[in-house]
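Please look over the sequence and the model shown below before reading the report.

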Amino acid sequence: MVRKLTPRELRQRRATIKFAKIFLSLTVGFWFLSSVPYIVIRAGSYLDNRGLLGEAPWTVKSKDICGHSLEKNAEGRVIVVTGANSGIGYEAAKTLALLNADKVVLGCRGKEKCAYSKAMIDAERQSLCFKGFEKDFESNVIDPGLNLDLGDLEGVEKWATALSSTEGITYVSDLVLNAGIMSTPLEPRNEGTGLENQLHTNHVAHFYLTSLMLPLLESVSAVEDAVKSSKVVTIASLAAQSPFSFDLSDINFTKGRSFASLTAYSQSKRANLLFAQHVHDSLNPKGIKSLAAHPGYTRTSLFHNNWHFLPKQLEFIKDLAAENTLFSMSSFDGSMMTVRAILDENIPSGSYVTPMLYAVGTPVVSKPKNAKWYNLGYERGEVMYPFMENTWSWIWGGFGYSKEDVEGLNVWTEGITGVSVK
Ligand SMILES: *[C@@H]1O[C@H](CO)[C@@H](O)[C@H](O)[C@H]1NC(C)=O
């Protein structure tokens with residue numbers, strides 16, 4: 001016979017069951033909710049990779065390399081990549097070398113890093129495309145042998161001069177403004193300009209380099225066997241979409257705007273997009289294209305090196321961000337936005353090449369004049385530029401930018417660098 005429970009025991013048992021139910025639903029609920037984005041992104045990637053989300057996915061496969069593909073072929077191109085020794089810069093440089101680029105010029109902070117990257121890329125190309133035969137192999141990777149530290153404008157000038165006088169360099173078809181730093185502290189500021197570091201490195205130094213590269217970019221049309229037009233490819237970021245981080249009236253964080261390293265990063269990346277727009281406005285009439293690309297969420301050292309603001313106890317977050325394989329792309333996949341921007345001649349100037357699924361996926365192109373109703377910039381009476389057309393923009397609220405922003409930043413940067421891009 002089962003003993004009848006006392007009311008007290010009954011209450012206890014009910015409480016236990018209730019606790020177990022709550023515990024179970026919280027656990028399952030949490031597990032379920034946290035796996036939803038994972039499932040959505042992975043399912044999306046699966047469909048994307050099979051071309052079921054629109055156009056067929058654009059990616060470089062091993063059958064394309066060594067000149068086996070007509071469409072994915074970099075012949076005739078002389079490509080300059082800043083930040084070419086790691087992350088998407090390295091992967092893009094390597095892929096373009098394997099796709100038979102005429103020349104891939106590596107710009108690295110630290111010249112031994114460039115020498116190392118060149119050796120790695122050469123070895124891979126020699127073994128894949130020349131079956132290891134040394135006598136047939138001719139490297140297409142150029143290491144100018146100088147440090148390209150974007151923190152130092154004088155060094156940038158020396159580097160550009162060295163490149164111009166490098167044997168065999170008569171033109172540049174593609175300038176990839178790829179190098180970037182993230183989440184650096186406000187002090188010490190840049191030694192040369194006194195500017196906030198991310199703005200200096202990511203935007204100002206690239207503006208300067210672009211200006212110095214103009215003669216080589218313009219030389220394309222004069223060279224037989226070169227590709228038809230040259231272009232500037234600016235690498236922006238998802239962070240560029242934060243509309244509240246860019247403030248031209250206090251761009252150097254000196255007039256009391258509160259500083260957060262990620263705000264400054266977003267500002268520098270928005271400056272990249274505004275610059276890409278400026279290049280489109282001023283150089284496209286002269287035949288030079290301007291494209292922007294962003295790599296979504298790609299696992300690179302950006303996440304490792306620069307999260308200074310994290311207290312010691314939370315430093316594991318940067319490892320999670322840097323090594324998170326669930327939500328992020330590999331450097332190779334992240335570099336495909338860059339590679340497509342360079343190789344796909346059908347992309348018109350003023351386009352933005354982004355991952356299919358916002359943060360991950362194969363590259364898709366937002367073409368000019370393709371604005372969607374949810375681009376709230378229209379409502380605010382701003383000009384909606386193609387670089388800001390991203391189908392997911394509503395997540396961040398209004399983020400059109402005005403012609404005044406583009407021109408204001410341009411005039412300001414001309415003032416700092418003493419040169420112009422036009
Ligand atoms: C940026 O701010 C710093 C600190 O006030 C100042 O020293 C520097 O000159 C400023 N740079 C520019 C270009 O305004």
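## Model and confidence

This is a predicted model, in which local features need pLDDT of at least 70, side-chain atom pairs count only at pLDDT 80 or more, and totals for chains, interfaces and linings use all residues. Residues are numbered from 1 along each chain as its sequence is written.

The average pLDDT (the predictor's confidence in each residue, from 0 to 100) is 86 for the protein, and 89% of the residues score at least 70. Over residues 368-398, pLDDT stays under 50. Where pLDDT is low, the predicted coordinates should not be read in detail.

## The annotated segment

An unreviewed UniProt entry lists residues 21-40 as "transmembrane region". UniProt positions are given in the numbering used here, feature names are shortened, and annotations may be inferred rather than shown by experiment. In the model, residues 21-40 are 100% helix and 0% strand, with the end C-alpha atoms 28 Å apart. Helices (H or I, at least four residues) and strands (E, at least two) are DSSP runs, numbered from the N terminus.

## Two helices against helix 10

The axes of helix 5 (residues 197-218) and helix 10 (residues 403-417) come within 10 Å and cross at roughly 75°. Helix 5 is therefore roughly perpendicular to helix 10. Axes are lines fitted to C-alpha atoms, for helices over the stretch in contact, and angles run from 0 to 180 degrees between N-to-C directions; 65 to 115 degrees counts as roughly perpendicular. Val 204, Phe 207 and Tyr 208 of helix 5 meet Thr 413, Ile 416 and Thr 417 of helix 10, where contact requires C-beta atoms, placed from the backbone, within 7 Å.

Helix 6 (residues 261-283) and helix 10 have axes that come within 9 Å and cross at roughly 95°, so helix 6 is also roughly perpendicular to helix 10. Ala 271, Leu 274, Gln 277 and His 278 in helix 6 meet Asp 405, Val 406, Leu 409 and Asn 410 in helix 10.

## Around the ligand

Which residues are around the ligand? They are Arg 189, Thr 193, Gly 194, Leu 195, Asn 252, Thr 254 and Ile 416, each with its C-beta atom, placed from the backbone, within 6 Å of the ligand.

## Backbone details

Most residues other than glycine have a negative phi, and most peptide bonds are trans. A cis peptide bond joins Glu 187 and Pro 188, with omega about -5°. Pro 188 lies in the loop between strand 4 (174-177) and helix 5.

Asn 100 has a positive phi, near 65°. The loop between helix 2 (87-98) and strand 2 (103-107) holds Asn 100.

How values were computed: Two residues are in contact if their C-beta atoms, placed from the backbone, lie within 7 Å. Angles under 35 degrees count as roughly parallel, over 145 as roughly antiparallel, 65 to 115 as roughly perpendicular and the rest as oblique.
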